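User: I would like to learn how to read side-chain contacts in a model. Can you take me through a case?

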Amino acid sequence: MVLAARRTVTEGLVVGTSGNLSIRLEDTVLVTPSGVPYDQLRPRDLLAVDLDGRRLVGRLEPTSELPLHLAVYRKTDARAVVHTHAARATAVSTLVDELPPIHYMAAAMGGPIRVAGYATYGSDELAQAALAALTDRTGCLLRNHGTLVHGRDLRQAMDHTAQLEWMCQVWLAASAVPGRQPTLLTPAQLAEAGERLRGYGQPPEHAAAAPGAGQRAER
């Protein structure tokens, strides 16, 4: 988790102490603390809480977005959650109610990426808005805020977070060309891509050791 947290900084997905990560281990959630710069984060700074948010291990205060993480774990089969303030994704969240299907990797997260309605950070209202946007999806944008992605493990959640920011960058770039409109994928094209993606990559027992695991599906 510490290495993943630092990766969000090096990849430009968070600024300062924004963003947070967590993983679920049975009924225990390991989560990043509030207000600790990731370049100073140590394994002993992480906290463990139960699904009701009660502290089990750790001395620091948990991220202010703990209600958001716990809501996802209660309502989905997620094993990891990543929340960032990625710049391009945040920009897109202010422009549309759904990221236009600019690339087939949207299918890897269940389909076109929705934008959750705005609510104050750390609030139960934000958690509920995010859950609505995540229906049948594993990722969403948070209006005027950032991204929320969950996955079967931290590697997948991190990879899809990066893919989501990349798709936002592609759409913004294509939309900015004067006099042109980007072509978008149809629901049928996304569905076909989704079927192909289900069989992409190595079997689970080999995936962790495969060279380039987690890269964009295009081979």
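User: Which residue does the side chain of Asp97 meet in a salt bridge?

Analyst: Keep in mind that this is a predicted model. For a salt bridge, look for a side-chain nitrogen of Lys or Arg within 4 Å of a carboxyl oxygen of Asp or Glu. Here Asp97 meets Arg143, at 2.6 Å from N to O. The pair links distant parts of the chain, 46 residues apart. Asp97 sits in the loop between helix H3 and S6, and Arg143 in the loop between strands S7 and S8. Asp97 is exposed, at 58% relative accessible area.

User: How many salt bridges does the count come to?

Analyst: The count is 10. Arg54 takes part in a bridge to Asp50 at 2.9 Å and in another to Asp52 at 3.3 Å. Arg54 is exposed at 52%, and Asp52 is exposed at 53%. Asp50 has 12% relative accessibility, so it counts as buried. Bridges can also form a network, as with Arg42, Asp45 and Arg59.

User: Which residue's side-chain oxygen reaches the backbone nitrogen of Arg155 at the start of H5?

Analyst: That is Asp153, to within 3.3 Å.

Terms used
Residues numbered from 1 in each chain as written. Predicted model: local features only at pLDDT ≥ 70, side-chain atom pairs only at ≥ 80, totals over all residues. Heavy atoms only, no water. Polar contact = N/O pair within 3.5 Å; in protein donor to acceptor, adjacent residues only side chain to side chain. Helix = DSSP H or I, 4+ residues; strand = E, 2+ residues; numbered from the N terminus. Buried < 20%, exposed > 50% of the residue type's maximum accessible area, 1.4 Å probe, protein only.
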